Amino acid sequence: MSALGVSSQWVDHTTQNIREITETRDMATAAESAARGFALTGDLAFLEILKTSVASANRHEREVRLHTADNPRQQQRLDKLEPLLRERFQALDELVEKRRAGEAEAVAQVVRSAGVPLAAAIESLSWELQDEEYSLLKMRNATLNGNISRARSARTIAAAFSLLLLAAASLLIRFDGRRRRKLETELRHEKDLFATLMDTVPDCVYFKDGESRFQRINAAMARRLGLSNATEAIGKSDADYFDTEHAKIARAEEKEVFHTGRALIDKEELETSAGGLQTWVMSSKLPILDSDGSIAGTFGISRDITASKLAEQELESANSKLTGRNDQLEMRNRESMVLGEMGGLLQTCVNEAEAEKILSKFAVDLCPELSGALSMINASRSSVEIAARWGDSTLLATVFLPEDCWALRRGRPHGSAISYGQIQCAHIQQGFTGAFVCVPVLAHGEALGVLHFLRQDGREIDESELRLAKMMAERIGLAIANLRLREALKAQSIRDPLTGVFNRRYMEESFERELHRAGRDGGTIGAIMVDLDHFKELNDAFGHDGGDAVLREFSQLLVTRTRKVDIICRYGGEEFLIVLPGASLADTLNRAENLLAATRTMRVISRGRELGAISASMGVALYPDHGDTARSLIRAADDALYKAKANGRDCVILAATHPIPGSPLLNGGALVPAAARLRPGP
């Protein structure tokens with residue numbers, strides 16, 4: 001048992017090392033995420049998380065160093081890990097200081113995933129440390145199994161000694177009757193020796209006749225039967241001292257020995273006395289031969305092995321627990337690796353649809369016995385809709401209200417277990433009798449959606465599955481929040497903040513790309529330069545609020561009346577440029593006419609007042625007819641715009657230097673008043 005204790009202590013020691021290594025790695029990752037979160041959002045809550053994570057990672061690393069002081073290989077790995085952690089934490093502090101100073105480089109550093117090689121080196125070293133501890137754990141489990149084998153060998157040796165004792169007893173009682181009188185003195189001496197042996201041996205020894213009645217028992221057997229005098233058992237059988245079942249089995253075994261002459265050796269059995277006391281014994285039964293060689297009865301020896309049996313059971317139980325703990329650690333290790341892989345993929349997604357697809361794939365791997373779905377709250381927060389499914393999740397409503405889910409109401413997991421009150425969410429089909437759990441998907445304290453898991457095999461969702469569900473919800477929440485933040489930052493960099501249309505910088509980059517495509521494919525590109533008429537007078541009359549309202553309404557009109565592939569940008573002030581990839585000259589002119597007609601019908605209200613009629617002047621140019629570069633094409637459209645303003649405004653002018661046969665622009669067109677007749681520029 002002392003050897004078992006030492007083995008158990010070593011296993012506990014190794015298990016603790018694995019926990020400390022895992023915590024060091026997890027805290028380093030948490031510090032990384034917190035620093036990135038602060039760099040992207042400026043939220044001060046991330047700084048507290050960063051501070052706590054760094055302190056915790058350093059503390060756990062010191063614990064690992066202390067616990068592995070006897071392992072030079074682990075110490076060498078820690079000598080490499082410690083400066084890497086120090087260097088990475090220093091880099092994170094510098095990132096935080098840059099963000100505090102308002103440097104745009106901090107956000108760019110996060111987008112470029114700066115520091116990934118250093119983080120990868122830290123993670124690689126931590127896995128080497130953990131693999132070493134797993135190897136030690138397996139070796140120490142093998143040592144424990146060796147202790148169990150040695151305990152069993154000791155018991156076998158003891159049984160062999162008992163058999164030798166039986167053999168000696170057999171020799172002592174086999175005397176030739178014809179020599180008995182001649183050797184009477186020697187026989188008495190031998191009997192005295194035998195009596196001494198019988199009364200001092202700790203094992204129970206008994207002799208029975210052919211009917212399984214006791215003929216003689218030793219003192220140890222008398223004590224087991226609860227007798228003060230061994231002679232009280234003479235003439236009685238097992239039925240007088242043990243329960244009926246045990247007595248019946250003993251009688252059958254002794255009859256077998258009596259009739260066949262074959263000995264029964266080292267049988268382990270649980271004896272139950274008439275009073276209900278149970279004792280584990282190892283018994284052997286052999287035949288007694290008379291002078292003629294005939295079987296006259298049986299004799300047996302029985303050893304109480306209750307203590308060793310209980311010790312063996314404790315050893316097996318301890319070994320089973322250690323094996324289970326090892327299996328659990330290996331399962332946690334696998335789960336950690338899968339979750340880490342999922343988290344890495346989620347962080348590299350370019351849109352929410354990709355993230356949702358990855359989650360559904362890994363949910364099947366991590367919880368293969370569960371069905372489920374991911375539901376996301378819409379932008380107006382008025383409804384929740386399923387974005388991804390796996391398994392048989394048809395019992396979940398495709399669209400439901402946020403208040404239909406208790407997890408979204410309470411901001412924490414809710415399920416069918418007793419601890420949750422066994423109240424079913426309204427978005428689950430009525431009549432569902434299986435187990436379920438809903439876990440809110442949160443980011444920065446805001447609910448983004450909910451993760452559902454269902455089980456229909458009659459079992460409840462266990463703690464390990466709930467733990468995995470929480471971790472998956474946490475990772476998908478962080479990934480979606482990062483995606484939305486990335487989209488917001490991108491939108492801020494390419495869109496005009498007042499109107500929501502693209503800014504000039506984005507237009508110039510996109511225009512060059514479209515020109516390259518058109519030049520390669522032999523296509524055309526239309527360009528419409530637009531300027532709102534009398535905008536300064538409108539600003540003077542109604543203030544900047546009125547002017548801003550007109551710009552927003554006009555931008556919305558342009559968006560709704562153009563294609564998704566068209567590029568609308570605010571070129572400057574009240575000027576807008578529309579780029580129409582693949583559009584012909586006729587298409588571009590028709591688009592300009594339609595926009596001009598729609599502009600005249602605009603009604604803008606600011607501060608309760610209608611701002612009056614709105615009109616615009618437009619210049620049209622086409623690639624490659626009026627320019628083969630972005631600058632020349634924009635200049636041609638801009639020149640046509642100025643001619644439109646010079647011709648009385650509220651009209652469209654084409655940048656062409658020659659008439660376009662059959663064009664409705666030459667005779668005024670139905671959409672333009674006679675006073676503002678459309679015509680090509682000179």
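Reply: Arg 649 lies in the loop between α17 and β18 (652-654). The model is a predicted one. The phi angle of Arg 649 is positive, near 65°, although the residue is something other than glycine. Its relative accessibility is 30%, so Arg 649 counts as partly exposed, given that buried means under 20% and exposed means over 50%.

The loop between β17 (616-623) and α17 (630-646) holds Pro 624. The peptide bond that runs from Tyr 623 to Pro 624 is cis, and its omega is near 5°.

A positive phi also occurs at Ser 212, where the angle is about 65° although this residue is not a glycine. Ser 212 belongs to the loop between β1 (204-209) and β2 (214-217). With a relative accessibility of 5%, Ser 212 counts as buried.

Aromatic rings come next. The model contains six aromatic pairs. One of them is formed by Tyr 206 and Phe 214, whose ring centres are 6.1 Å apart and whose planes stand at 90°, an edge-to-face arrangement. Tyr 206 is buried, with a relative accessible area of 6%, and Phe 214 is likewise buried, at 0% relative accessibility. Ring pairs also bring in Tyr 241, so that Tyr 206, Phe 214 and Tyr 241 are linked into a cluster.

The charged end of Arg 25 is placed over the ring of Trp 127, at 3.8 Å from the ring centre. In the case of Arg 504, the charged end sits over the ring of Tyr 571, and the distance to the centre is 4.0 Å.

Finally, two helices may be considered. Helix α10 (residues 306-347) packs with helix α11 (residues 352-366) at an angle of about 170°, and their axes are 10 Å apart. Angles over 145 degrees count as roughly antiparallel, and α10 and α11 are therefore roughly antiparallel to each other. On the side of α10, the residues that meet α11 include Arg 334, Glu 335, Val 338 and Leu 339. Among those that α11 contributes are Ala 355, Ile 358, Phe 362 and Asp 365. The residues of this contact between α10 and α11 comprise ten nonpolar and four charged, with no polar ones.

Key. Residues numbered from 1 in each chain as written. Predicted model: local features only at pLDDT ≥ 70, side-chain atom pairs only at ≥ 80, totals over all residues. Heavy atoms only, no water. Axes fitted to C-alpha atoms, helices over the stretch in contact; angles between N-to-C directions. Helix = DSSP H or I, 4+ residues; strand = E, 2+ residues; numbered from the N terminus. Parallel < 35°, antiparallel > 145°, perpendicular 65-115°, else oblique. Contact = heavy atoms within 4.5 Å. Nonpolar A, V, L, I, M, F, W, Y, C, P; charged D, E, K, R; others polar. Phe/Tyr/Trp six-rings, centres within 6.5 Å; stacked < 30°, edge-to-face > 60°. Buried < 20%, exposed > 50% of the residue type's maximum accessible area, 1.4 Å probe, protein only. Lys NZ or Arg CZ within 6 Å of the ring centre and 35° of its normal.
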